[in-house]
Amino acid sequence: MDSVDDILAEMESDSASDESSLDSLNSQKSQGMRSMAEIARAIRNKEAEIGDLEELLKSKKEELRRKSEEELPSMMAELGVNSFELDDGSKVTVRDLYGGYISKPNRDAAYEWLRENNYDDIIKNTIAVQFGRGEDQEAEKYLKILEGHGLLPEQNTSIHPSTLKAWVKERMENGDQFPMDLFGAFVGQRAVVKRSH
């Protein structure tokens with residue numbers, strides 16, 4: 001049987017061992033917290049870096065647009081030049097640029113004009129129905145009714161931007177009259193640099 005002194009010595013030894021384990025655990029936790037903070041700072045810094053790069057890209061795209069759609073076409077027009085070649089063999093030409101944008105306030109009037117003038121084939125018309133939580137049986141019921149008539153539900157009228165651009169181009173090239181302001185239609189020029197192979 002152990003003496004009281006032996007028991008006390010063993011308890012002190014266990015206590016020192018527990019403190020050492022606790023210190024080791026605290027040290028690991030502290031290192032882990034520092035590592036987590038470093039990763040969080042790296043995430044924050046990368047997000048800021050990406051934001052800066054996106055702003056730079058936006059700025060560079062605007063600079064390219066200005067040079068290719070304003071500066072060079074204007075200078076070429078002043079000099080009476082339609083195309084030229086760079087010393088590396090790249091060909092530079094000016095092409096007409098067409099575009100359009102239907103603003104929200106003009107949308108109804110623009111769509112009505114298209115329908116009245118038989119151009120409504122460029123309007124996409126989709127129908128959608130949304131049901132709330134717990135209305136699955138109602139949704140199934142109406143889906144079957146619509147499918148029974150050969151229809152799929154969902155409604156949205158829209159004109160794809162490329163479709164509108166092509167439509168504006170065709171109207172302008174054909175000399176057709178249409179309300180340009182209603183369609184945000186414009187024609188400009190763009191200098192295109194085609195690299196030699």
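1. **Salt bridges.** The structure holds 11 salt bridges. The term covers a side-chain nitrogen of Lys or Arg within 4 Å of a carboxyl oxygen of Asp or Glu. This is a predicted model: local features need pLDDT of at least 70, side-chain atom pairs count only at pLDDT 80 or more, and totals for chains, interfaces and linings use all residues. Residues are numbered from 1 along each chain as its sequence is written, and side-chain values use heavy atoms, with hydrogens and water left out.

2. **The network.** Salt bridges link E62, R65, E69, E70 and R190 in a network. One of the bridges joins the side chains of R65 and E70, at 3.0 Å from N to O. R65 is partly exposed, with a relative accessible area of 29%. E70 is also partly exposed, at 39%. The cut-offs: buried is under 20% relative accessible area, exposed is over 50%, and partly exposed lies in between (1.4 Å probe, protein chains only).

3. E71 and K67 meet through their side chains in a salt bridge of 3.4 Å, N to O. Both residues lie in helix α1 (residues 4-79). They are four residues apart, about one turn of the helix. An α-helix has 3.6 residues a turn, so residues three or four places apart point the same way. E71 is partly exposed at 39% relative accessibility. K67 is partly exposed at 40%. Helices here are DSSP runs of H or I with at least four residues, strands are runs of E with at least two, and both are numbered from the N terminus.

4. **Helix α4.** This helix spans residues 161-174, which is 14 residues. From first C-alpha to last, α4 reaches 20 Å, close to the 20 Å expected at 1.5 Å a residue. The expected span is 1.5 Å times one less than the number of residues. Just after α4, G175 takes a positive phi of about 75°.

5. **The buried side of α4.** Which residues of α4 are buried? They are L164, W167, V168 and R171. These residues cover an arc of only 100° around the axis, which puts them on the same side of α4. The arc is that of the directions from the helix axis to the C-beta atoms. Their cover includes β2 (91-99), α2 (107-116) and β5 (186-194), with contact meaning heavy atoms within 4.5 Å.

6. **R171 and D176.** R171 is buried, with a relative accessible area of 5%. Its side chain meets that of D176 in a salt bridge of 2.8 Å, N to O. D176 is partly exposed, at 28%.

7. **Aromatic pairs.** Rings of Phe, Tyr and Trp (its six-membered ring) pair if their centres lie within 6.5 Å; planes under 30 degrees apart count as stacked, over 60 as edge-to-face and the rest as tilted. The count comes to seven aromatic pairs. W113 and Y119 form a stacked pair, 5.9 Å centre to centre with 15° between the planes. W113 is buried at 17% relative accessibility, whereas Y119 is partly exposed at 22%.

8. **W167 and F183.** This pair is tilted: 5.0 Å centre to centre, 45° between the planes. W167 lies in helix α4 and F183 in the loop between α4 and β5, so the pair ties together parts that are 16 residues apart in sequence. W167 is buried at 4% relative accessibility. F183 is buried at 0%.

9. **The ring cluster.** Ring pairs link W113, Y119, W167, F178 and F183 into a cluster.
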